[in-house]
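Hi,

Here is the structure I promised to pass on. Have a look at it first, and then read on for what turned up.

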Amino acid sequence: MKKVEAIIRHIKLDEVKTALDEIGIKWMTVTDVKGAGKQKGYTEQWRGSKLNIFLNPKLELKIVVKDELVPKVIDTIMAVARTGAIGDGKIFITNVEEAVAIRTGARGEEAL
Amino acid sequence: MGRSTRILLILAMLVALVSLAGFSGAFTAKARAATAAPAAATDPNGSATGSASDLSPSAQGSNLTLQSLANEVGHNKIATGFIWLMTGFALVFFMQAGFALLETGFTRAKNAVHTMGMNIVIFFIGVVGFYFVGFPLMFGGVGHLTTLGGVANLNGMLQIAKGWGILGTKGFGGAGLYDVGILAFFLFQLVFMDTAATIPTGAMAERFKFSAFVIYGFFISMFLYPLFGNWVWGGGWLSQLGANLGLGNGYLDFAGSTVVHAMGGFVALAGAIVLGARIGKFNKGGSPNAIPGHHIPMAVLGTLFLAFGWIGFNGASTLTGGDFRLAVIITNTFLAAASGGLTSMFIMWKFYGKPDLSMTCNGALAGLVAITAPCAFVAPWAALVIGVVAGALVIGGVFLVERVFKVDDPVGAVAVHGFNGLWGVLALGIFADGTYGGGDNGVAHAVKGLIYGGTGQFAAQAIGAVTVVVVALGGGYVFFKVLDRIMGLRVTAEEEIQGLDLPQMGTLAYPDFSGSAPDWVTPHSSGLGAPPGKTAPAMNSVSLDEGAGA
């Protein structure tokens, strides 16, 4: 099992969700996050003064999938979450040792 | 029985009940008509309502004489004054809500309870302080209130020379104020005082210790506001510059550009100077940082409430409903508000790329402040010009305070109320067109400004403008310095960074929103104990995006 953590733009959530649904992934955890990358925040204006906000608001999707699905998930997210402008986000993949479904007690890939 | 049939049945029963009730009403009415006088016809269009039969018994039948009729007319004249004045009182009172929303919207969420708290408590303090001490000092020598009837109890003035009054001496502790005319006047003046008193809380927001604020509230409502107010509205020396020195009609400030707004604005400046800037406002080199307010919709609503209240602030300052000049006054008020707001918006748009809404609100308020003194004396075209100047002046004023004086005024109170208050009285001395104000301050001729040949009037206005700065800035500065020495004006740095709401007021404004409380607050207050390794907030625990340099 692998965990796919994708940091994406807020406006891309619906498209990503729909696209993942089409390849059979109907589960995810979504968190509001703030972070900084190459985009280096944004600038606000308040009463004639500039205000640099260092941390950009983004969404983080967490999806745990079977190993063989990972390339497909990456391709799907890339296909719809990409705008080409700075600030499109990142995808991180990590190993998952175990998964447990709390209701049924199922373990491993059965729990997904 | 089907569902729809059941509904039909219920409806039918309802109809039956209603018609039964109607019949029974008709029957009882008929029964009554039979026993008593015939039922009078109704008057749906109002043409028959209000006639000689409505006069009080003392003016009916054989009592109807010219004298008794004149008494009735006099009573009605005062009645229009009362109704208009109490309407104005209610409108101006509502400006407290405007200030509360404006100031809280322009400041940060972590101080919202504290800022709101100052804005409501100032009213409670003001009512008490003004009734017992402030009102007598200000109006104890104002004389007979001609538009409100009543008695001439307020007839004691402390004078430094004949005709040069400096303080009222009648009415302390409420003595002799138990009179309808005087109390109507008191109520109206009370809400003006509270407007002035609440202005400095904006400039001093986000760092003003609440206990020190309470002392301040009593000081301004009991002493500082009434002092200058007496000189202008209470028959004091500034109002007599015309009668004594021939300077136009003496110093005139129709509804309080200086008495209320410049007073509040320059006390605000004094307070902001003594308090010092909020942590993170200025960098080491002195360059300012933006600290955005947390709720722009709230601030916009506050601005609208203030404009709404200004209908009474300026309009009811005629003190009588029979002075139809009030239509001109209210027209002028809204022209200046609109041109002030538009001017600010276009200037920000042109020079800073976007129509900054917070500055647009300040521009509208600046226009309102500036037109407050001249609104009764100028033509509508002049009101428009006065607003345009105000809209530009407020932006210059905000930058002057922040970038030249290096004083931190979170809501722009000094620029809006201080500078534009001065502009208002000077504008009166420029644009007053000689169509109104004959008899004001005991001078027979109407009020004329510079462009209509009234150089004396302009001189009187300039003297008054200088005086208000001396009294408000000087008096305010000395008071705040002394208070700072005695009890300290400012909260601790830890309290300021955490936000004043919890340490000063004990309550968070928005406890359900994540990020409104530091994460160590909840475990403490819910009795779970602080998470391991997390105790007191460190100075650098504010999140990175919350004002650079914090």
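To start you off: which residue in strand 2 of chain B is the bridge partner of Leu158(B)? The partner is Leu167(B). Before I go further, do keep in mind that this is a predicted model.

Strand 1 (residues 157–161) and strand 2 (residues 164–168) of chain B pair in the antiparallel sense, with four bridges between them. They form a hairpin with two residues between the strands, and Gly163(B) has a positive phi there, near 85°.

Next, the helices of chain B.

Helix 10 (residues 357–372) and helix 11 (residues 380–404) of chain B have axes that come within 8 Å and cross at roughly 130°. The two helices are therefore oblique to each other, and their crossing is right-handed. On the helix 10 side of chain B, the contact is made by Met359(B), Asn362(B), Gly363(B), Ala366(B), Gly367(B), Ala370(B) and Ile371(B). Helix 11 of chain B brings Ala383(B), Ile386(B), Gly387(B), Ala390(B), Gly391(B), Leu393(B), Val394(B) and Ile395(B). Sorted by class, this contact between helix 10 and helix 11 of chain B has 10 nonpolar residues, five polar ones and no charged ones.

The other crossing involves helix 5 (residues 210–232) and helix 7 (residues 257–275) of chain B, whose axes come within 10 Å and cross at roughly 135°. That angle makes helix 5 of chain B oblique to helix 7 of chain B, and here too you'll find a right-handed crossing. Helix 5 of chain B puts in Ile220(B), Leu224(B), Tyr225(B), Phe228(B), Gly229(B) and Val232(B), while Val259(B), Met263(B) and Val267(B) come from helix 7 of chain B. The class count for this contact of helix 5 with helix 7 of chain B is eight nonpolar, one polar and no charged.

Last, the place where the two chains touch. How many residues does each chain give to the contact? Chain A gives 12 residues and chain B gives 14 residues. On the chain A side, the elements that supply two or more residues are strand 3 (42–46) and strand 4 (49–53) of chain A. Strand 4 of chain A gives the most, with five residues. The chain A residues that touch chain B split into five nonpolar, four polar and three charged.

Cheers

Definitions and conventions
Residues numbered from 1 in each chain as written. Chains lettered and ligands numbered in written order. Predicted model: local features only at pLDDT ≥ 70, side-chain atom pairs only at ≥ 80, totals over all residues. Contact = placed C-beta atoms within 7 Å. Nonpolar A, V, L, I, M, F, W, Y, C, P; charged D, E, K, R; others polar. Axes fitted to C-alpha atoms, helices over the stretch in contact; angles between N-to-C directions. Parallel < 35°, antiparallel > 145°, perpendicular 65-115°, else oblique. Left-handed = near helix turned anticlockwise from the far one by under 90°. Pairing = 2+ DSSP bridges.
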